[in-house]
Amino acid sequence: MKAIALARTLAALLTGILCLTGCVSSGPAPIGGGGNGAQPAATGPGGASYVPAQPYDVTPLLHPKAKYFGATFDGVPKDLSPVARYASQVGRTPTMLEYYLGWGDELQTDQTEAVWENGQLPYIAWEPHKATLAQIADGSQDAYIVSTARTLRALNVPVAMSLAHEMNGAWYPWGTKDATAAQFVKAWRHVHDVFQDEGVSTVIWVWSPNIINPVPQVALKPYYPGDGYVDWIGVVGYYARTGAQDFQTLFGPTFRQIRTFTQRPFLLAETGSQPNPRKSAQITELLKTVAGRSDVVGFIWFDLNKETDWRVDSSPETLAAFRAAARNHRYDLDFTALK
């Protein structure tokens, strides 16, 4: 009987250890899950004691009192001069900068660190062009995933990251034409779990669907990995010459559908307006709406002339509208107060 009791005790201890290193929470995303947490003093060369560097705590960044004022430009993050030019144009320095990482490409630590030191939260859109979701899920890409996770852990700066954005559309190889919702969820959870097992606690996980307007037949809930794997909902939506012409029509249907299965905060992960007579009004409304909604943490403006001129200065009138809207004090986000 003593032997059986001992075996049960050991089994319970083993289960507890396994849960600490890999169980999925049904509540908030396990920020810092798998990380080292608070550490005691260690002994260095010559017997001197020291306290190991603590992982950056991203918790204050998840629900800041002010809003993220984000953008993306050609040439970033290798060249950060567009950030300064944009700040001069619009009268406010961005606090979030989006850029893209191709699957298989090495994350450049110096560039990511430079973004953070420049005053922007790095937002990395990780695009799996060179691997299928099934391959990511089955573990065959783990060497690359582990390498990226360890790079971020060593870098120790906060990073927002989306994986396979706009998965509910058919225009990317990881979208509805070539992959299933189940494959997407399995791949997302696998990447998240590898990062957690590697002790990465500095990533804000952003699940980033396209607005449902062009693909109303694709339900979003089957693509959702669960609150234990997601921190923000990064909705992608643009104003075109045709279709939705105001904030509620553009984003409202998607917001309402997402609210049937999660209460995670929204981020407008990519947005912009095609040159049209309403662009100035759309800019004014979007910035005012984001500033006024408690469930939206910010936006990222796609300031590129790509396919069409999404830039805020596509006309003097649109630039003037953006400058005026950007003065809203709700965008006065101070990272130094959050560190």
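In the predicted model described here, Lys-279, Ser-280, Ile-283, Thr-284 and Leu-287 of helix H9 are in contact with Glu-317, Thr-318, Ala-321, Phe-322, Ala-325 and Ala-326 of helix H10, where contact means heavy atoms within 4.5 Å. By class, six of the residues in this contact of H9 with H10 are nonpolar, three are polar and two are charged. In this classification Ala, Val, Leu, Ile, Met, Phe, Trp, Tyr, Cys and Pro are nonpolar, Asp, Glu, Lys and Arg are charged, and the others, Gly among them, are polar. Helices (H or I, at least four residues) and strands (E, at least two) are DSSP runs numbered from the N terminus.

H9 spans residues 279–292 and H10 spans residues 316–326; their axes come within 8 Å and cross at roughly 15°. Axes here are lines fitted to C-alpha atoms, for helices over the stretch in contact, and angles between N-to-C directions run from 0 to 180 degrees. H9 and H10 are therefore roughly parallel to each other. Angles under 35 degrees count as roughly parallel, over 145 as roughly antiparallel, 65 to 115 as roughly perpendicular and the rest as oblique.

Tyr-86, Ser-88, Gln-89 and Val-90 on the H3 side meet Leu-319, Phe-322, Arg-323 and Ala-326 on the H10 side. Five nonpolar residues, two polar residues and one charged residue make up the contact of H3 with H10.

Residues are numbered from 1 along each chain as its sequence is written, and side-chain values use heavy atoms, with hydrogens and water left out. Because the model is predicted, local features need pLDDT of at least 70 and side-chain atom pairs count only at pLDDT 80 or more, while totals for chains, interfaces and linings use all residues.

Turning to the chain as a whole, the protein has ten helices and twelve strands. Of its 339 residues, 52% are buried; buried means under 20% relative accessible area, exposed over 50% and partly exposed in between (1.4 Å probe, protein chains only). Among contacts with a separation of 6 or more, 77% join residues 24 or more positions apart. The largest nonpolar core holds 104 residues, of which Phe-195, Trp-207 and Trp-232 touch the most other members. Helix H7 (residues 181–197) gives the most to this core, with eight residues. A nonpolar core is a set of buried Ala, Val, Leu, Ile, Met, Phe, Trp, Tyr and Cys residues joined through side-chain atoms within 4.5 Å.

Beyond residues up to four places away in sequence, Gly-91 touches Tyr-86 and Arg-323. The C-alpha atoms of Gly-91 and Arg-327 are 7.6 Å apart, although 236 residues separate the two along the chain. Thr-95, located between helix H3 (81–90) and strand E4 (96–102), is buried at 6% relative accessible area. With neighbours within four places in sequence set aside, Thr-95 contacts Lys-67, Tyr-68, Phe-69, Gly-119, Gln-120, Leu-121, Leu-333 and Phe-335.

Some backbone details also deserve a look. Most residues other than glycine have a negative phi, and most peptide bonds are trans. The Val-76 to Pro-77 bond is cis, with omega near 10°, and Pro-77 sits in the loop between strand E3 (68–72) and H3. Asn-156 has a positive phi, near 60°, in the loop between helix H6 (142–155) and strand E6 (159–163); Asn-156 is partly exposed, at 25% relative accessibility. Glu-166 likewise has a positive phi, near 55°, but lies in the loop between E6 and H7 and is buried at 8%. Gly-175 is found in the loop between E6 and H7 and is buried at 0% relative accessibility. Gly-175 touches Met-167 and Gly-169, residues up to four places away in sequence not being counted.
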